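Please look over the sequence and the structure shown below before reading on.

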Amino acid sequence: MFSKKLQYGLHFLLLLRGSEGLQYIGVAVLVEEEKMPRKFVEAIAVALKKAGLVEVKRGAGGGYRLARPLSGISLLDVWQVLEHAGAEEVAGDGTVRQMVVGEFLQSVASQYQVMLGSIMLDQLEGLLLKENDKMMYYI
């Protein structure tokens with residue numbers, strides 16, 4: 001249902017958590033630590049920068065950081081940047097059946113976007129912290 005691009009984008013943002021207004025983290029560090037494809041992550045990072053979700057600093061001590069906390073970024077924000085940009089609108093012209101199907105799919109798409117907009121990425125951070133706590137318990 002969700003592409004690798006969106007998954008890597010969320011992973012990238014989660015790796016940057018806690019960096020808003022603080023230090024910049026280089027892509028090389030992120031991709032090596034997490035075994036992600038560098039070129040793919042760099043393309044995702046550029047898209048997220050253009051959307052204002054991350055900030056970039058070039059040169060020594062440079063890298064990426066969150067432009068705002070994860071609690072201020074919705075799943076819809078990321079989805080629109082990484083998935084929806086290339087999505088086609090549903091055609092609603094032609095026969096009555098085509099129009100009905102088009103309107104139905106537009107309605108579903110609207111509801112889907114409302115749902116994605118209600119999910120903030122700090123929920124993802126909470127799941128990570130919970131999982132880390134479980135791992136620490138077993139050690």
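How many bridges join strand 1 (residues 54–57) to strand 2, and in which direction do the strands run relative to each other? Four bridges join strand 1 to strand 2, and the two strands run antiparallel. The model discussed here is a predicted one, and its secondary structure comes to six helices and two strands, which follow the pattern α-α-α-β-β-α-α-α when read along the sequence.

**The chain as a whole**

- Of the 139 residues in the chain, 27% are buried.
- The chain exposes about 8,900 Å², and carbon and sulfur atoms supply 58% of that area.

- Strand 1 and strand 2 form a hairpin with five residues between them, and in the turn glycine 59 has a positive phi of about 90°.
- Within this pairing, valine 54 stands opposite leucine 66, which belongs to strand 2.
- The side chains of glutamate 55 and arginine 65 meet in a salt bridge, with 2.7 Å from N to O, and this pair links strand 1, which holds glutamate 55, to strand 2, which holds arginine 65, across 10 residues of sequence.

**The nonpolar core**

- The largest nonpolar core has 31 residues, and those with the most contacts inside it are Phe12, Leu13, Leu16, Leu48, Val54 and Val78.
- Helix 1 (4–15), helix 2, helix 3 (38–50), strand 2, helix 4 and helix 5 each supply at least two residues of this core, and the largest share, seven residues, comes from helix 1.
- In soluble globular proteins, nonpolar side chains tend to be buried together.
- Valine 78, when neighbours within four places in sequence are left aside, is in contact with Leu6, Leu10, Leu13, Leu48, Leu53, Ile73, Glu83 and Leu121.

- Valine 31 lies in helix 2 (residues 27–34), and at 7% relative accessibility valine 31 counts as buried.
- Not counting residues up to four places away in sequence, valine 31 touches Met36, Arg38 and Val41; computed along the chain by position, valine 31 and phenylalanine 12 are 19 residues apart, and their C-alpha atoms are 8.7 Å apart in space.
- Serine 74 is found in the loop between strand 2 (63–66) and helix 4 (75–82), and with a relative accessibility of 5% serine 74 counts as buried.
- Leaving aside neighbours within four places in sequence, serine 74 is in contact with Leu116, Gly117, Ile119, Met120 and Leu121.

**Further salt bridges**

- A search of the whole structure finds four salt bridges, one of which joins glutamate 125 to arginine 17, with the closest N and O atoms 3.5 Å apart.
- This pair links distant parts of the chain, since glutamate 125 lies in helix 6 (residues 122–138) and arginine 17 in the loop between helix 1 and helix 2, 108 residues apart.
- Glutamate 125 counts as partly exposed at 22% relative accessibility, and arginine 17 is partly exposed as well, with a relative accessible area of 29%.
- Another salt bridge brings together the side chains of glutamate 42 and arginine 38, with 2.8 Å from N to O, and because these residues are four places apart in helix 3, they are separated by about one helical turn.
- Glutamate 42 is partly exposed at 24% relative accessibility, and arginine 38 is partly exposed with a relative accessible area of 42%.

- Val101, Phe104, Leu105 and Val108 make a nonpolar surface patch of about 350 Å².
- Valine 108, a member of this patch, lies in helix 5 (residues 96–117) and is partly exposed, with a relative accessible area of 38%.

Terms used. Residues are numbered from 1 along each chain as its sequence is written. This is a predicted model: local features need pLDDT of at least 70, side-chain atom pairs count only at pLDDT 80 or more; totals for chains, interfaces and linings use all residues. Side-chain values use heavy atoms; hydrogens and water are left out. Patches are made of residues with over 30% relative accessible area and no salt bridge: like charges are joined within 9 Å, nonpolar side chains (Val, Leu, Ile, Met, Phe, Trp, Tyr) within 5 Å. Accessible areas come from the Shrake-Rupley method with a 1.4 Å probe; for residues, only the protein chains shown count as cover. Buried means under 20% relative accessible area, exposed over 50%, partly exposed in between (1.4 Å probe, protein chains only). Contact means heavy atoms within 4.5 Å. A nonpolar core is a set of buried Ala, Val, Leu, Ile, Met, Phe, Trp, Tyr and Cys residues joined through side-chain atoms within 4.5 Å. Two strands pair if DSSP finds at least two bridges between them.
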